[in-house]
Structures are given as C-alpha cells and as structure tokens.
Amino acid sequence: MSAPSSGSAGAHAAVGGTGARAAGDAGVLGTALGVVLAFSFAQGSWQWFSTYLGLTLLTVVLSFGRVPARTPGARPTGYGWSLTAYSLVVGLCVALALAPAMQRWSWLFPMPGTRENCAQAGNYEILHTQAALGSLAGQDGDALAYAQHEAGHQAVEDCLAATTTLWLPLYALGAALLAAAGAWSWARFRGATEGAS
C-alpha cells in the first residue's frame with residue numbers, strides 16, 4: 001500500500017478545519033438562540049440565575065465560536081456579517097449576565113428618577129394591600145404587615161425589572177460594539193504579525 005500523498009493530507013486538514021469552523025459557528029448560533037429564548041421567557045424580577053446563564057453562554061461563545069478573521073481574497077461583506085453576528089451574540093450574553101445587577105445597583109443603572117418612581121409604586125401597593133386586607137388587622141396584625149411588605153417589595157422589583165428590560169438593549173449594543181472593536185483590532189494585529197513573519 002502506498003502512503004497517502006501530501007495533497008490528500010492537506011485536503012483532509014482542510015476538511016477538518018472547515019468542520020471545526022462549522023461546529024464553532026453552530027455553537028455560536030445555538031448560544032444566540034438560547035439567549036433569545038431566555039429574553040423571551042423572562043418574566044418578573046431578574047434573578048441571579050440570569051447572570052449564571054449569561055456567563056455560561058458567553059463562555060460557550062468564547063470557547064467554541066471563533067473570532068471572525070479576514071482571509072486574503074475573501075469578500076469584505078462576508079467578514080462584516082460574521083463580525084456583526086459574533087459581536088451581537090457576545091453583547092446579548094453580557095446584557096443577560098448584567099441584568100440582575102442593573103436591577104439592584106444604582107451605580108450600574110443610574111437612570112434619573114427610576115428608583116424613586118419604583119419606590120412610589122411600592123408604597124402604593126402597600127396602601128392597596130392595607131385597604132384590601134384591613135379587616136384582618138384585628139385578627140393577625142403581623143400577617144397583614146408581612147403581606148404589605150411583600151406586596152410593596154414585589155411591586156418595586158417588578159418596576160425595576162421592567163425598566164431594566166427596557167434599557168437592556170442599549171447595554172447589549174454597547175457590549176456588542178466593544179466586542180466588534182476588540183475582534184477587529186485583534187484581526188488587524190494578527191494579520192500584521194503574520195505579514196511580518
């Protein structure tokens with residue numbers, strides 16, 4: 001039997017590289033779908049599991065999805081679309097990871113008047129609960145106080161979650177722009193390094 005030629009070995013390597021790239025692209029697409037579904041089904045307050053999910057999906061993207069690279073002779077539009085898709089997925093993952101922190105920390109989400117308005121919504125819900133259950137105060141005042149506290153807390157959380165969701169695309173877009181700039185700079189640096197060698 002004759003040994004395989006270098007040409008056939010190169011063909012196998014090319015096929016393997018293409019398969020690896022296809023698998024990486026499939027991972028990025030699967031992650032994008034997971035993030036979109038997470039956003040679609042998110043209801044009520046953003047919980048810290050969202051941060052875990054966002055970081056996990058971001059790790060999958062960075063591990064299995066390749067950073068788009070410009071290849072000599074390739075059409076610039078193809079690179080542009082790849083870079084856009086990659087950056088948007090990264091931005092979605094970052095936004096999903098940041099959502100609970102944005103809801104809870106004013107320094108990360110400093111929207112003027114938002115937290116004060118949500119606090120007023122909580123106070124209204126406390127009064128509404130008192131009016132609805134006021135007849136029970138003589139029977140169990142502690143239970144009524146607990147119900148009022150929980151109703152007010154939930155109203156504040158829902159208000160902050162809704163506002164966070166409203167502004168989250170802006171944060172996702174910012175993260176996507178940073179990811180695109182980083183990937184583009186890395187591709188230029190890698191191209192300059194390969195050209196010098």
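A disulfide is taken here as a pair of cysteine sulfur atoms within 2.5 Å. The legends below describe a predicted model, in which local features need pLDDT of at least 70 and side-chain atom pairs count only at pLDDT 80 or more, while totals for chains, interfaces and linings use all residues. Residues are numbered from 1 along each chain as its sequence is written, and side-chain values use heavy atoms, with hydrogens and water left out.

**View 1. The disulfide of Cys118 and Cys159.** The structure holds one disulfide, in which the sulfur atoms of Cys118 and Cys159 lie 2.1 Å apart. This pair links distant parts of the chain, with Cys118 in helix α4 (residues 114-133) and Cys159 in helix α5, 41 residues apart; helices are DSSP runs of H or I with at least four residues, strands are runs of E with at least two, and both are numbered from the N terminus. The angle about the S-S bond is -70°, and the link of Cys118 and Cys159 is left-handed. Cys118 counts as buried at 1% relative accessibility, whereas Cys159, at 23%, counts as partly exposed; buried means under 20% relative accessible area, exposed means over 50%, and partly exposed lies in between (1.4 Å probe, protein chains only).

**View 2. The whole chain, as a setting for the close-ups.** The chain has five helices and zero strands, and from the N terminus on its elements run α-α-α-α-α. Of the 197 residues in the chain, 28% are buried. Among the contacts with a separation of 6 or more, 79% come from residues 24 or more positions apart, a contact being heavy atoms within 4.5 Å. The chain exposes about 12300 Å², and carbon and sulfur atoms supply 68% of this area, as computed by the Shrake-Rupley method with a 1.4 Å probe.

**View 3. The salt bridge of Arg104 and Glu157.** A salt bridge is a side-chain nitrogen of Lys or Arg within 4 Å of a carboxyl oxygen of Asp or Glu, and by this rule the count comes to one. The side chains of Arg104 and Glu157 meet in this salt bridge, at 3.9 Å from N to O. Arg104 lies in helix α3 (residues 76-104) and Glu157 in helix α5 (residues 141-196), so the pair ties together parts that are 53 residues apart in sequence. Arg104 is partly exposed, with a relative accessible area of 28%, while Glu157 is buried at 14%. Not counting residues up to four places away in sequence, Glu157 touches Ser45, Gln103 and Arg104.

**View 4. The aromatic cluster of Trp48, Trp105 and Trp107.** Rings of Phe, Tyr and Trp (its six-membered ring) pair if their centres lie within 6.5 Å, and their planes count as stacked under 30 degrees apart, as edge-to-face over 60 and as tilted for the rest. By this rule the count comes to three aromatic pairs. The rings of Trp105 and Trp107 have centres 5.9 Å apart and planes at 15°, so this pair is stacked. Trp105 is partly exposed, with a relative accessible area of 37%, and Trp107 is exposed, with 64%. Together with Trp48, these two residues form one aromatic cluster.

**View 5. The largest nonpolar core, with 19 residues.** A nonpolar core is a set of buried Ala, Val, Leu, Ile, Met, Phe, Trp, Tyr and Cys residues joined through side-chain atoms within 4.5 Å. In the largest one, the residues with the most contacts inside the core are Trp46, Val61, Val90, Cys93, Met102 and Leu168. Helices α2 (49-64), α3 and α5 each supply at least two residues of this core, and α3 gives the most, with nine. Leaving aside neighbours within four places in sequence, Val90 is in contact with Leu58, Val61 and Ala179. Another core lies apart from this one and has five residues, among them Tyr79, Leu83, Ala183 and Ala187. Cys93, from the largest core, counts as buried at 0% relative accessibility.

View 6. Gln148 counts as buried at 14% relative accessibility. Apart from residues up to four places away in sequence, Gln148 touches Ile126, Thr129 and Gln130. Gln148 and His128 are 20 residues apart in sequence, and their C-alpha atoms are 8.5 Å apart in space.
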